[in-house]
Structures are given as C-alpha cells and as structure tokens.
Amino acid sequence: MLPRVIEGKLVFLAPERRDNVPFYWKWANDREVTRLTQGYGRAPSLETMQASYDKSAVADDVRRFGIHLMSTGDLIGRCALKNLNLIVGRGEASILIGDVKYRGHGYGTEAMRLLCTVGFDMLELHTIFLTVLACNPGAVASYHKVGFRDAGCLREASARDGKRVDILYMDLLRGDLVPDAKSGA
C-alpha cells in the first residue's frame, strides 16, 4: 500500500517513487499530454528522467508527489512544490495529469488544492505561485477554483502551433485557498 501524504475525495498524493519514472517518461514524450505545458517538445530520454528523479529525490528545495485515484490507487499524474524557500515561505507549484482520460473531471483541481494544503500546513509556506500558458484556459480556470489569482504576464514568452503565447503568473496566499466542501481539503 502506498503511503498517503494527504487525501481528497477523488485523489490522494503519495511521495514520488523511482518506479513511477517510466509513467512520467511516457507522459513527457506524448505530444498531446505536453502540448499545453512548458515542457512541450523536450522529449527527454528515460535515462534523463531517472537522473532528474534521483537528483530531486535528495534536493532540499523540492517536494514531488504522485497523484493517485482514491478508488484504485492508480497513478494518473504528478505534482510538485519546487524552488522552495522555506526561510521566506515561498514555493512554486506544478502539476500534470498525464492520463488524458482524467482531465476535465476535477482530479487536477483537487490535486492542486491538496498540494497547496501540503505547502501551507506541512511546509508552512506563505505564498505559492505557478506559471501557465495562456493558451491553456482549462488549467487557468482550475487554478482560479483553488483560489489562485492572476499576478502577471510574460507577453509572447512561448510558442504553440506557430503562434506566440503569453506565460501567466498566478499566486496564492494561505488565506486565498478555497476549501473543497466535498473533500474537506
């Protein structure tokens, strides 16, 4: 049984495990999965991803989690708090629902809410921020549901499908986190 760091109604977060890296590698090399992420087009090797995992597993400035279904324990994505500065209480959130059939059903929103709860309650962060491509309105809406607010924009800082796109900055303070009435998180 996987250790559960925090549970919601739909998903739970468990510490990342090296044996999950092949799933992450598959998702990172699926253009449909990464099309709306800033990792689009990188196509890392499995060895590169294993080395990245090994490095982050011992890093002080990152906490990575697998996103698992409450009903089956199946791995459907990953999320992280990275670039952590525990002295000032700041961290950057990231998330990927790698299994496409679980997008648009609230799994990512709940996982982000749980991740932020870990950041605020366990790591005692004051501010959590993230970046998202403006061409990913589903993610932006999901982050707003969690309580993130628009904080800025890097205009035309990325490209997708032959067009320049903005990178949006969003932030969340402890008091901004919107609790989920269903999960209690």
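This tour visits a series of residues and elements in the structure above.

The model is predicted, so local features need pLDDT of at least 70 and side-chain atom pairs count only at pLDDT 80 or more, while totals for chains, interfaces and linings use all residues. Residues are numbered from 1 along each chain as its sequence is written, and side-chain values use heavy atoms, with hydrogens and water left out.

**The largest core**

Select Leu13, Met112, Cys116 and Phe148. These residues have the most contacts inside the largest nonpolar core, which has 35 residues. A nonpolar core is a set of buried Ala, Val, Leu, Ile, Met, Phe, Trp, Tyr and Cys residues joined through side-chain atoms within 4.5 Å. Buried means under 20% relative accessible area, exposed means over 50%, and partly exposed lies in between (1.4 Å probe, protein chains only). In soluble globular proteins, nonpolar side chains tend to be buried together.

Next, colour the elements that supply at least two residues each to this core: β2 (11–15), β3 (63–69), β4 (75–85), β5 (90–97), α4 (107–122), β6 (127–133), α5 (137–146) and β8 (163–173). Helices (H or I, at least four residues) and strands (E, at least two) are DSSP runs, numbered from the N terminus. Helix α4 gives the most to the core, with eight residues.

Now centre the view on leucine 13. Not counting residues up to four places away in sequence, Leu13 touches Pro3, Arg4, Val5, Ile6, Phe65, Gly66, Ile67, Cys79, Ala111, Leu114 and Leu115. Contact means heavy atoms within 4.5 Å. Another core, of eight residues, lies apart from the largest one; among its members are Val21, Met49, Tyr53 and Leu75.

**Two packed helices**

Select helix α1 (residues 21–28) and helix α3 (residues 46–57), which pack at an angle of about 125° with their axes 9 Å apart. Axes are lines fitted to C-alpha atoms, for helices over the stretch in contact, and angles run from 0 to 180 degrees between N-to-C directions. The angle makes α1 oblique to α3; angles under 35 degrees count as roughly parallel, over 145 as roughly antiparallel, 65 to 115 as roughly perpendicular and the rest as oblique.

Which residues make the contact? From α1 they are Val21, Pro22, Tyr24, Trp25 and Ala28, and from α3 they are Leu46, Met49, Gln50 and Tyr53.

**Histidine 68**

Move to histidine 68 in strand β3. Is this residue buried or exposed? Histidine 68 counts as buried, at 3% relative accessibility. Leaving aside neighbours within four places in sequence, histidine 68 is in contact with Leu2, Leu10, Val11, Phe12, Ala14, Asn20, Gly73, Asp74 and Leu75.

**Arginine 90**

Select arginine 90 in strand β5, which counts as partly exposed at 38% relative accessibility. Beyond neighbours within four places in sequence, arginine 90 contacts Asn83, Leu84, Asn85, Leu125, Thr127 and Phe129.

**Exposed residues**

Find aspartate 121 in helix α4; this residue is exposed, with a relative accessible area of 52%. The C-alpha atoms of aspartate 121 and arginine 174 are separated by 9.0 Å, although the two residues are 53 apart along the chain.

Finish with glutamate 156 in strand β7 (residues 149–160) and aspartate 161 in the loop between β7 and β8. Phi of glutamate 156 is near 50°, a positive value in a residue other than glycine. For aspartate 161, phi is near 50°, again positive in a residue other than glycine. Glutamate 156 is exposed, with a relative accessible area of 52%, and aspartate 161 is exposed, at 56%.
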